[in-house]
Amino acid sequence: MKKISPLKFLVVLVHLQGLFICFTNKAFAQADSAKITVNSPAFIPPAVQRWDDRVMIDLQNQRTPGQTGFFMFLSKNVLYGDIGIPAGLLVGGVISNNKEMRQNAGYVASSTAVSYGFMLLIKHLVKRPRPFIQNINITPVYRASGTSFPSGHTSSSFATATALSVAYPKWYVIAPSFFWAGATSYSRMYLGVHYPTDVAAGLTLGVGSAAAMSFLKK
């Protein structure tokens, strides 16, 4: 049997990561949109749900055109970071013949893909309604499809940022990585499409995925 080189494997891995993220999210969103109920999940205490609602209403009352444009840009372009970062590492590793960089590309891509897979599974099982569906007093900037818990943008961006920071533990990598992930996560609440608890769960999932896949970091 012909062996596949590590380099070819990494190219396939990054490519599959992109396809997985793009197509499975659409499929789950279409499936879930017809099954959403307006009830909060049983594990969300009423007091926490009320706090979630208050935060969302406070955020929508503080929106400005400039902030809205910035946060819309972050939300719409999260995939460029999730896919572009490991792809860039892979290309850089190939050009410079840097084995460590190619391995790091696999680590970042795997962390993001794992977080995304678990996020979709949890969304499909929990089926928490979007904030604007559950509470008519919450007005979103746009009406996102699918379910709310956990935040997919948060889980994937924090998985990417955490894995990249573990691979390159320098302040000039860590600071912009987590600024991007944090701002992207905040944008989901600001835009009215995710509760704070959705974002907190996504953050935990993203960081946990990167930690779980750290054995790939050489």
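Residues are numbered from 1 along each chain as its sequence is written. In this predicted model, local features need pLDDT of at least 70 and side-chain atom pairs count only at pLDDT 80 or more, while totals for chains, interfaces and linings use all residues; side-chain values use heavy atoms, without hydrogens and water.

Start with the whole protein chain. Its secondary structure is nine helices and zero strands (DSSP runs numbered from the N terminus: helices are H or I, at least four residues; strands are E, at least two). Of its 218 residues, 46% count as buried (under 20% relative accessible area; exposed is over 50%, partly exposed in between; 1.4 Å probe, protein chains only).

Next, select helix H4, residues 78–95. The expected span is 1.5 Å times one less than the number of residues. For the 18 residues of H4 that gives 26 Å, and its end C-alpha atoms are 26 Å apart, so the two agree.

Now pick Gly84, where H4 bends by about 35° (the angle between axes fitted to the seven residues ending there and the seven starting there). Pro86 follows within four residues, and Pro86 is also one of the buried residues of H4. Others to colour as buried include Val78, Leu89 and Leu90. After H4, click Asn97: its phi is positive, near 55°.

Finish at Leu125 in helix H5, residues 99–126. Leu125 counts as exposed because its relative accessibility is 63%.
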